[in-house]
Amino acid sequence: MQWRHKDLLDVSQLSADEARHVLDTARYFREINSRPVKKVPTLKGRSVVLFFAEPSTRTKTSFDVAGKRLSADTFSLAKSGSSLSKGESLKDTALTLQAMNPDAIVLRHSVSGAAQFMAERLECSVINAGDGRHAHPTQALLDAFTLVGRWGDLKGRTVLILGDVAHSRVARSNVLLLNLLGARVRLCGPRTLLPPGVDTWEAEVFSDLGKAVRGADAVMCLRLQLERMQAGLLPDLREYSRTFGLCERHMAQAAPDALVLHPGPINRGVEIASDLADSGRSVILDQVASGVAVRMALLFLYMTRKSAE
Amino acid sequence: MSTVSLVVRNALWKKKKVDLLVARGRVASLIPSARKTRVESAQELDASGLLLLPSLTDCHTHLREPGFEYKEDIASGLDAAAHGGFGNVLCMANTNPVNDNATVTERMLDRARAAWPHGPRLYPIGALSRGLKAEELAPMAELADAGCVAFSNDGLPVPRAEFFRRAMEYAWDQGKVVIDHCEEPSMARGAGMNEGAVSGRLGIPAQPDVAEAAQVARDILLADYLKIPIHLAHISCRRSVELIAWAKERGVQVTAETCPHYLTLTEERVEGYDSAAKVNPPLRTRDDVEAMLQALRSGVIDILATDHAPHAAHEKEVEFDLAPCGISGLDTALSVTWGLVEKKLLTLDDLVRAWSEAPCRVFGLPVNRFQAGDPADFLLFDPAAQWEVTPETMRSKGKNTPLLGTRLRGRVAAHFLGGKKVV
């Protein structure tokens, strides 16, 4: 497949065939990750800027590893170490980076739409590694990759996304991608943590976890940010974990062999019971491994797009 | 009739061809052109094909001077006003320093007279509270003496009802009305757009229409209880309109304005994170737009105003959450609302009432109804002229409008104030 996109801003840009092509490509790279020598020269001489204007460990490391295994040069830029902390505008940072002529910029930013803002001003590819509450397409793709690895296909499967949907870019991108790949999506959380207009989403919405989990093939827990208590959206952690914390008791209602996912970092005992996170149902560490393969696939597809022209 | 200084011939007024006679800066008479009146006059003007309209009054602008002259200054703001058709311009107090003392008011007036001696005329709106902090009342008597025509805490809604009540009472002692930017602050904190399916999808922090309507309800109840008038700024949604209609039926002295963008644009305009469409109150839904149009036709909404809010390009070209709210409106307002007349959503009478008669009545300014003795403040408006909104065609320093690149119909061909040609 000839890759036609310059940027990856959200999964809404992708057709089902394109999403499957990403996953197929990732399957090839996953094999490389299991070799003793985990490096191929595919992107030798090409450069990727990892611009993380918001703290992140796992996504940034995952992209860094992915780039290096493809022999690309990766350069890290954090907000605290960048001119953004000196009051430089995102536009000027974008133009400065552009002048160094990288092949791709991986951007993490706390404001929704920041990736599109950069993409409109840069000639190189922009890969969205999370923008505000809006989108986290690489996370959705790695989640799908993990599930496809277990099930072979998502068609007809039911996936429950549980927790703070309102503030979650992971949830937004997953709702789109899971639907695109033929899965049925359920959402569950307190009304204070559901986004406005959720009734227009392609998903069935539940307020009762016991009902939401019934027959589900997988449950994807979302991280609960502690700011939600201060903002008056929740009473306290204890009450949240009592009503929406996923534990083995709930999983008994799910489909046999149902899986548990979490984008990390997890709050043990809050959104997910500690023993469940460590159980055989948990694919949380699979997700991390999938992340490297999927990001290798994405860097490969987006960075070789240019030379194909 | 030897004192007639100007005769405008063959202008269209209420679908008839008329000749307008001006003497000593005032309307002398308006006569059907068919009569072919012979007048000795210093000047004659043929206005064939042009509409005769009263000069407009904009009761809600931000001219940014003093303090933010890089966004706009009084001279450039009045330039945009003159060419946009506005003869009277009320400007908000959120300058730096804030217009909460006579020195600032007088300076604003001096700057306006120096730049545009024959108008557009500037009418400052005084701060309701010192520094717009909603803690202490501003010296409203001093401000009124200096020339402030109303009082407002615009942009920084007053959260405490008790303080707001006292401000309404004190302002009314000066014979001035309070203008309220209706927004329940705790529901709107950090919001960049209307709350709904679009904000949910885009992941933009949002405020519901209820944040506006809740404050509208409070203000109506205060005005009813105190028997003191209140003016509600830039109303944007159906919920507010329903409350205002209810209040007017009860005889509460409430007046309200809306802006061209709430009559023409919806929240979908924010798609793509376009900060040019970031405005407060935010663009709402199609249903709200229809409610606003209906309210303007029925008179529930009295006034059209621009809420002209110019910003520098670099301030808007940032991440969406960080961009300031506001649309630059003086250049485009009349053309946009003329477009609604062409689409038969409003009538020309609606425009004259909402852009001229109603704001002059509410804020006590002389108005031109083309009766003998009225100020000769009028426009010759070319309804067929097409123009493209570009940074070059806009006279305001603020080029921040979602209309950039679009073509509009209708332009001011000439603008007279006190019988003198300003455009």
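Begin the tour by selecting D307(B), which is buried, as 30 other C-beta atoms lie within 10 Å of its own; a residue counts as buried if 20 or more other C-beta atoms, placed from the backbone, lie within 10 Å of its own, as exposed if 12 or fewer do, and as partly exposed in between. The phi of D307(B) is near 50°, a positive value in a residue other than glycine, and D307(B) sits in the loop between β16 (303-304) and α11 (313-316) of chain B. Helices (H or I, at least four residues) and strands (E, at least two) are DSSP runs, numbered from the N terminus.

Before moving on, note that this is a predicted model, in which local features need pLDDT of at least 70 and side-chain atom pairs count only at pLDDT 80 or more, while totals for chains, interfaces and linings use all residues. Residues are numbered from 1 along each chain as its sequence is written, and chains are lettered from A and ligands numbered from 1 in the order in which they are written.

**The loop between α9 and α10 of chain B**

Next select Y273(B), which lies in the loop between α9 and α10 of chain B and has a positive phi of about 55° although it is not a glycine. Y273(B) is buried, with 27 other C-beta atoms within 10 Å. In the loop between α9 and α10 of chain B you will also find P281(B), which is joined to N280(B) by a cis peptide bond with omega of about 0°.

The buried residues of α10(B) are D288(B), V289(B), A291(B), M292(B), L293(B), A295(B) and L296(B), and they pack against α7 (209-226), α8 (238-250), β15 (254-258), α9 (260-264) and α13 (348-363) of chain B. Packing here rests on contacts, that is, on pairs of residues whose C-beta atoms, placed from the backbone, lie within 7 Å. Just after α10(B), G299(B) takes a positive phi of about 95°.

**A sheet in chain B**

Now select β6, β7 and β8 of chain B, which form an open sheet of three strands in that order, with parallel pairing; two strands pair if DSSP finds at least two bridges between them. At the edges stand β6 (56-61) and β8 (121-124) of chain B, each with a single partner strand, so one side of each is left without a neighbour in the sheet. Four bridges join β6(B) to strand β7 (residues 86-91) of chain B, and the bridge partner of T61(B) in β7(B) is C91(B).

In the loop between β7 and α2 (102-115) of chain B, look for P97(B), where the peptide bond from N96(B) is cis, with omega near 0°.

**Across to chain A**

The contact between the chains takes 18 residues from chain B and 19 residues from chain A. On the side of chain B that touches chain A, the largest share, five residues, comes from helix α6 (residues 197-202) of chain B.

In chain A, colour domain 1 (11-136 + 291-308) and domain 2 (137-287) separately; these bounds come from an automatic or database domain assignment. The C-alpha centres of the two domains lie 25 Å apart, and 23 residues of domain 1 are in contact with 21 residues of domain 2.

Then select helix α5 (residues 137-151) of chain A, which has 15 residues and reaches 21 Å from its first C-alpha to its last, close to the 21 Å expected. Of the 15 residues of α5(A), 11 are buried, so this helix is largely enclosed by the rest of the structure. Among the elements that its buried residues pack against are α1 (16-33), β4 (125-131) and α12 (284-303) of chain A.

Within β4(A), seven of its seven residues are buried, and five bridges join β4(A) to strand β3 (residues 104-109) of chain A, the two running parallel.

Finish at C188(A), in strand β6 (residues 184-188) of chain A, which counts as buried with 26 C-beta neighbours inside 10 Å.

Note on methods: Expected span 1.5 Å × (residues − 1). Contact = placed C-beta atoms within 7 Å.
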